[in-house]
Amino acid sequence: MSQIVILTGAGVSAESGIRTFRDAGGLWEGHRIEDVATPEAFQAHPSLVHQFYNLRRAALKQCEPNAAHVALADLQRRLPGQVTLITQNVDDLHERAGAVNVLHMHGELLKIRCCHCSHRCRWSDDLTTTTECPECGRLGGLRPDIVWFGEIPFFLDQIEEALQLADMFVAIGTSGLVYPAAGMVHVARSRGIRTIEFNLRRTEASALFSETHQGPATETVSKWVTEF
Ligand code: OAD
């Protein structure tokens with residue numbers, strides 16, 4: 001039974017209206033990433049960071065999964081137990097399209113955790129510096145359950161294990177610049193398995209893949225899944 005590991009990035013959600021990181025002129029919704037997506041920024045300006053993620057959470061509610069999310073969920077259904085879906089995205093569009101067991105290696109916008117008691121839970125409302133932890137009741141310790149720069153991504157052991165068992169590695173809509181996600185194609189190549197990249201355009205990583213498909217993910221990924 002062949003195993004497929006699929007890594008998605010911001011490009012898979014671009015056509016749902018969520019802006020990618022590196023196409024935005026170095027700014028993320030008008031902010032420098034280091035001002036909103038680092039533990040240091042949260043320490044120095046918690047209200048600004050909360051406000052930034054409150055806006056992202058509210059905006060996500062207005063977005064819908066697109067044909068690429070739907071195609072990947074369909075592939076997972078057709079090949080039960082054979083498709084490991086890993087995403088760098090913090091949105092929930094894969095799940096809303098029907099995908100299961102998605103490994104959100106950079107965390108999730110709709111989850112929070114408490115810095116005091118480590119409690120994690122789903123959260124779709126605004127957070128402030130005085131929101132009470134639903135578990136320990138303390139104030140001010142809640143943060144988005146998102147991997148900020150300088151923090152260690154989630155699920156690294158599971159990802160490594162999946163890559164070691166994979167017969168095919170597919171990267172969709174990612175610039176391949178942020179490690180450790182960017183290192184996955186190197187592991188796949190070292191194992192000699194088929195590697196496929198889907199992107200709007202050639203990337204700095206394209207030369208590392210045995211196959212590349214250029215164009216919008218809604219078209220290229222849907223076609224690939226239909227013909228699979
Ligand atoms: P990037 O913004 O770096 O790259 C998005 C990629 O998607 C680019 O290569 C685009 O060419 C491609 N793209 C855009 N629209 C597309 C479409 N419609 N169809 C196919 N491809 C398209 O985003 P990521 O690679 O996901 O990390 O960025 C990786 C990480 O860097 C993010 O998870 C985030 C960021 O800083 C953290 O927040 C920790």
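**View 1. Residues around the ligand.** Of the 24 residues around the ligand, those that come nearest are Phe21, Arg22, Thr174, Ser175 and Asn199; a residue counts as near if one of its heavy atoms lies within 4 Å. This is a predicted model, in which local features need pLDDT of at least 70 and side-chain atom pairs count only at pLDDT 80 or more, whereas totals for chains, interfaces and linings use all residues. Residues are numbered from 1 along each chain as its sequence is written, and side-chain values use heavy atoms, with hydrogens and water left out. By class, the shell comprises nine nonpolar, 11 polar and four charged residues. Helix 1 (residues 10-14) supplies the largest share of this shell, three residues; helices are DSSP runs of H or I with at least four residues, and strands are runs of E with at least two.

**View 2. Polar atoms facing the ligand.** An N or O atom in the side chain of asparagine 199 is 2.7 Å from an oxygen atom of the ligand. A backbone N or O atom of glutamine 88 lies 3.2 Å from a ligand oxygen atom. A polar backbone atom of alanine 217 is 2.9 Å from a nitrogen atom of the ligand. The protein covers 95% of the 800 Å² of accessible area that the ligand has on its own (Shrake-Rupley method, 1.4 Å probe).

**View 3. Strand 8 and its partner.** Strand 8 (residues 142-146) is largely enclosed by the rest of the structure, because five of its five residues are buried (under 20% relative accessible area, 1.4 Å probe, protein chains only). Strand 6 (residues 107-114) runs antiparallel to strand 8 and is joined to it by five bridges; pairing requires at least two DSSP bridges. Within this pair, isoleucine 112 stands opposite proline 144 of strand 8.

Technical notes:
Buried means under 20% relative accessible area, exposed over 50%, partly exposed in between (1.4 Å probe, protein chains only). A polar contact is a pair of N or O atoms within 3.5 Å; within protein, one must be able to donate a hydrogen and the other to accept it, and residues adjacent in sequence count only if both atoms are side-chain atoms. Ala, Val, Leu, Ile, Met, Phe, Trp, Tyr, Cys and Pro count as nonpolar, Asp, Glu, Lys and Arg as charged, and the others, Gly among them, as polar.
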